[in-house]
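Okay, thanks for making time, everyone.

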Amino acid sequence: NKRDPENSLTSRQALTTPAFYLLTLANLLNVFAAAGLNLHLFPYLTDSGISENMAVTIITVWFFCGVVGSVFAGFIADRLNSRLVTMLCFAVMAISVLLLPAAQSISLAFIFVIVQGLSQGGMLTMRLLWPDYFGRKNLGAIRGLTHPPQNLAIALGPLIGGVMFDLTGGYTWAFLAFAVGLFGATACVWMAKPPIVVAPMEPNQIDKGHD
């Protein structure tokens, strides 16, 4: 359901559509979980008895898989459906984070970062939804409206993860919060239907309408 670039919505029009708020919320929940996991994964691994050197290796593999996953997700989204690929990636990320507390060995940690890293390609396909839904002409103005709350979500992810660790003495509840956020992002994208905008009438059509 890609929108014709010549039939783009203005930022004011975008603000009147449910899709704008659903995609904005999906993005906020996604970056909230991603930022929290980025900060807390390393200390979680070392607290699980994995050496710092090995934890660095695991984190490196994680980021590398994220790059590979972005390439594959973009490739698949161009040939299938960016909305479907985004939902699939978010759901896999959520399940992997939900199971992360069980990954307390080196082998399980590697399995986690490979699966979770590859599925992070959903962060790329999420960006593809904006031009698909609203066109490209006013994309900068529309996306600019989402940046202030996005920056807040990026700050809240690590903060809430740290607070939960201090309160419970572990990362289980923090990872549960991140997983819930990703499941919420999946649901938001599922509910976000592309806006339907009536194309403007041509001048000759308007004249006919007055006849």
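I'll start with the overall fold, then go to a helix contact and finish with the aromatic rings.

Ground rules: this is a predicted model, so to speak, with local features needing pLDDT of at least 70, side-chain atom pairs counting only at pLDDT 80 or more, and totals for chains, interfaces and linings using all residues. Residues are numbered from 1 along each chain as its sequence is written, and side-chain values use heavy atoms, with hydrogens and water left out.

Okay, the fold. The protein chain has 10 helices and 0 strands, where helices (H or I, at least four residues) and strands (E, at least two) are DSSP runs numbered from the N terminus. Of the 211 residues in the chain, 43% are buried; buried is under 20% relative accessible area, exposed is over 50%, and partly exposed is in between, with a 1.4 Å probe and protein chains only. If you take contacts (heavy atoms within 4.5 Å) between residues at least 6 apart in sequence, 83% of them join residues at least 24 apart.

Helix H8, residues 147-168, and helix H9, residues 172-191, have axes that come within 7 Å and cross at roughly 145°. Those axes are lines fitted to C-alpha atoms over the stretch in contact, with angles from 0 to 180 degrees between N-to-C directions. Who makes the contact? On H8 we have Gly157, Gly161, Met164 and Thr168, and on H9 Trp173, Ala174, Ala177 and Phe178. That's 5 nonpolar, 3 polar and no charged residues, with Gly counted as polar.

On to the rings. There are 12 aromatic pairs in the structure, meaning Phe, Tyr or Trp rings (for Trp, the six-membered one) with centres within 6.5 Å; planes under 30 degrees apart are stacked, over 60 edge-to-face, and the rest tilted. Phe20 and Tyr21 are edge-to-face, at 5.2 Å centre to centre and 90° between the planes. Phe20 is buried, at 3% relative accessibility, whereas Tyr21 is partly exposed at 46%. Tyr171 and Phe175, by contrast, are stacked, with 5.7 Å between centres and 20° between planes, and both are buried. Those two also sit in a cluster linked by ring pairs, together with Phe32, Tyr44, Phe165 and Phe178.

Last one: Lys193 lies over the face of Trp190, 5.4 Å from the ring centre. The cut-off there is NZ of Lys or CZ of Arg within 6 Å of the centre and within 35 degrees of the ring normal.
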